[in-house]
Amino acid sequence: MAEVEKAEELYEGKAKKVFTTSDPELLIVSYKDDATAGDGEKKGTIVGKGAINNRMTNYLMQVLEQAGIPTDYVEELNDRETVVKKVTIFPLEVIVRNISAGHFASNFGVEEGIVFDQPTFEYSLKNDDLHDPLINDSHIVALKLAKQEDLDRIRELTLKVNDILKEFFAKLNVTLVDFKLEFGRTSDGTIILADEISPDTARFWDATTGEKLDKDRFRRDMGGVEDAYNEMMHRVFGDNA
Ligand code: C5P
């Protein structure tokens, strides 16, 4: 493809910077090593995280594309930077859970590790000031954040992503506990998967030992954070990690 030049910084988020480019339909994302938790109250650095999340996201996006999921992935530029399609993001965190953990356990007063008969599906409103509250379809439609037909499409794509990723990680002896997705709309109106899929945004447990291989090690001050990210990188890329 023609060379895409970085233009201006559009936005700096907690884990990524986003730049406009010479092409109005494309952006460049740059992954940082910065880590936050608890609505940004806890801050730190996970050395090497930016490069790991960049490469892992891009790989998984390509796996998903091949399985028929439209994504924003265009081209990996280097360790940390990737060209993606420009989308208008729905301000929603789309969360699927296969096993109880995190806020499911704390919100509903159950232990972690309950294996569900079928995945749960939920939305949170992306709003740090409101602490990303749970929100349902009728609330989203009432707030005009998306139409019901958009939500139906997002749900269909998300459950398909869960099936594909569960199988993908199972082959690496990793249990996909839960994850968060974000969707956006391209200028032609198509809904596509955007943002990242990484140990920042998914819970990964070693399928044999149950060891946590994700950002919970940072959130919960468990130590071994970098080791966990590196281990996931090795599981996905083997000797090419
Ligand atoms: O915290 P909670 O249990 O709701 O998180 C569910 C899943 O969504 C986890 O995999 C977590 O990493 C991800 N998540 C995220 N960004 C958030 C909240 C949750 O990636 N702001």
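## Residues, ligand and chain

Reply: To begin with one residue of this predicted model, H103 counts as exposed because its relative accessibility is 55%, and the cut-off for that class is over 50%.

Me: In which helix is H103 found, and which residues does H103 touch, not counting residues up to four places away in sequence?
Reply: H103 belongs to helix α2. When residues up to four places away in sequence are not counted, the residues that H103 touches are R97 and F108.

Me: How many residues surround the ligand, and which are the closest?
Reply: The ligand is surrounded by 15 residues. By class, this shell has four nonpolar, three polar and eight charged residues. The closest of the surrounding residues are R97, H103, D178, R203 and R219.

Me: How far is a polar side-chain atom of R203 from an oxygen atom of the ligand, and what share of the area of the ligand does the protein bury?
Reply: Between a polar side-chain atom of R203 and an oxygen atom of the ligand the distance is 2.9 Å. The ligand, taken alone, exposes 450 Å², and of that area the protein buries 83%.

Me: Which atoms of E93 and T201 lie at polar distances from the ligand, and which elements give two or more residues to the shell?
Reply: For E93, an N or O atom in the side chain is 3.0 Å from a nitrogen atom of the ligand. For T201, the atom is a backbone N or O, which lies 3.4 Å from an oxygen atom of the ligand. The elements that give two or more residues to the shell around the ligand are β9, α2, β12 and β14.

Me: Is E76 buried, partly exposed or exposed, and what is the length of the polar contact that joins its side chain to that of N58?
Reply: E76, which has its place in strand β6, is partly exposed because its relative accessible area is 31%, a value between the 20% and 50% cut-offs. Not counting residues up to four places away in sequence, E76 touches N54, R55, N58, E81 and T82. With N58, the side chain of E76 forms a polar contact of 2.8 Å.

Me: Is K215 buried or exposed, and what separation do the C-alpha atoms of K215 and D200 have?
Reply: K215 is found in the loop between β14 and α5, and its relative accessible area of 10% is why K215 counts as buried, given a cut-off of under 20%. The residues that K215 touches, apart from those up to four places away in sequence, are T36, P199, D200 and Y229. Although K215 and D200 are 15 residues apart along the chain, their C-alpha atoms are separated by 5.2 Å.

Me: Where does D195 lie, and what is its phi?
Reply: D195 lies in the loop between β13 and β14, and D195 counts as buried because its relative accessibility is 18%. D195 is not a glycine, and yet its phi is positive, at about 65°.

Me: What radius of gyration does the protein chain have?
Reply: The secondary structure of the protein chain comes to six helices and 14 strands, and buried residues make up 50% of its 241 residues. Of the contacts with a separation of 6 or more, 56% are accounted for by residues 24 or more positions apart. Because a compact globule with 241 residues would have a radius of gyration near 18 Å, there is agreement with the value for the protein chain, which is 17 Å.

Definitions and conventions: Residues numbered from 1 in each chain as written. Predicted model: local features only at pLDDT ≥ 70, side-chain atom pairs only at ≥ 80, totals over all residues. Heavy atoms only, no water. Helix = DSSP H or I, 4+ residues; strand = E, 2+ residues; numbered from the N terminus. Buried < 20%, exposed > 50% of the residue type's maximum accessible area, 1.4 Å probe, protein only. Contact = heavy atoms within 4.5 Å. Polar contact = N/O pair within 3.5 Å; in protein donor to acceptor, adjacent residues only side chain to side chain. Near = heavy atom within 4 Å. Areas by Shrake-Rupley, 256 points an atom, 1.4 Å probe, with all protein chains shown as cover. Nonpolar A, V, L, I, M, F, W, Y, C, P; charged D, E, K, R; others polar. Rg over C-alpha atoms; globule rule 2.2 N^0.38 Å.
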